[in-house]
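User: I'm new to reading protein models. Could you walk me through this one with a few questions and answers?

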Amino acid sequence: MKIEPEKSVLSSTPVSPHKLCGHRGVAAQAPENTLASIARVRELGLSWVEVDVQLTQDGIPVVFHDQTLSRCTNGKGALKDTALVDLQQLDAGSHFSADFAQQRVPTLAAVLAQVHHDELHLNLEIKTYADTDIAALCDAVFDCLSTSPVNERQILISSFSLDALRYCRDQKPSLARAILWETIPDNWHEFRDLATLSIHCNYRHLTQEKAKSVKDSGLALKCYTPNDPHAVAPLWEWGVDMMITDAPERYLSIS
């Protein structure tokens, strides 16, 4: 199912592509978290892409958001209960458009290869659920990164899971980290050591006071997932550094 951009009167000033990050690739133009969607990021001139990573039944890190397969593939059941060989038989594109019927759920290794080819920076979200083995997932990600041609400086690890971020801090402190929050809590400074680069939050719940607090701390501030440039025009003035969006082309084509 296509993600439709929100409708609004657009702002009058185009946004630099370097202030935009493609969400799950460019999810308004291609099936999310697929190689086709990620390829659109460089085609639009962006330098950042965000994707989600989880483990298959046999412990292979793959790029996929949901806990279950049905929304984004023609499969059923839980991703964690599906072996890679079975997962890669599934159609991960036709739900978006018949034009993408050949898309598959990509391994993290394949995504990293494309990120390297396209010279992108990768915001890699450690996607956890109640039954996720955080140590196994993070260790698999570390192993994959260690054999990838992508430089560590191109990688940002983000997560809603504070436990995952603690594990990354303790086991791989050289990787940049960002905390994901729906709403930045009043006591967010208590978790300051878990973020080395940025705080990410839902743009709908950001306040000017919280934006100032984050920026005063020296961290960058990024918002997800605004698909309407006009809706977030004030947030740039508050100091937001980047919008993580399904529809970056709407920001680039403002006239």
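This is a predicted model: local features need pLDDT of at least 70, side-chain atom pairs count only at pLDDT 80 or more; totals for chains, interfaces and linings use all residues.

User: Is K210 buried or exposed?

Analyst: K210 is part of helix α6, residues 208-216; helices here are DSSP runs of H or I with at least four residues, strands are runs of E with at least two, and both are numbered from the N terminus. Beyond residues up to four places away in sequence, K210 touches I184, P185 and D186, where contact means heavy atoms within 4.5 Å. Its relative accessibility is 16%, so K210 counts as buried.

User: Which side chain makes a polar contact with the side chain of S158?

Analyst: S158 is found in strand β5, residues 155-159, and is buried, with a relative accessible area of 1%. A polar contact is a pair of N or O atoms within 3.5 Å; within protein, one must be able to donate a hydrogen and the other to accept it, and residues adjacent in sequence count only if both atoms are side-chain atoms. At 2.8 Å, the partner of the S158 side chain is that of N123.

User: How many degrees around the axis do the buried residues of helix α3 cover?

Analyst: In α3 (residues 108-118), the buried residues are L108, V111, L112, Q114, V115 and D118. The arc is taken from the directions from the helix axis to the C-beta atoms. These residues sit on the same side of α3, because their arc is only 160 degrees.

User: What volume does the largest cavity have?

Analyst: On a 1 Å grid over the protein atoms alone, a cavity is a set of points where a 1.4 Å probe fits but cannot get out, and lining residues have an atom within 4 Å of a point. Grid points are joined across faces, edges and corners, and a volume is the space filled by probe spheres set on the points. Among the residues that line the largest cavity are E32, F64, R71 and R104. Its volume is about 70 Å³.

Definitions and conventions: Residues are numbered from 1 along each chain as its sequence is written. Side-chain values use heavy atoms; hydrogens and water are left out. Buried means under 20% relative accessible area, exposed over 50%, partly exposed in between (1.4 Å probe, protein chains only). On a 1 Å grid over the protein atoms alone, a cavity is a set of points where a 1.4 Å probe fits but cannot get out, and a pocket is an open set with protein on both sides within 12 Å along at least five of seven lines; lining residues have an atom within 4 Å of a point.
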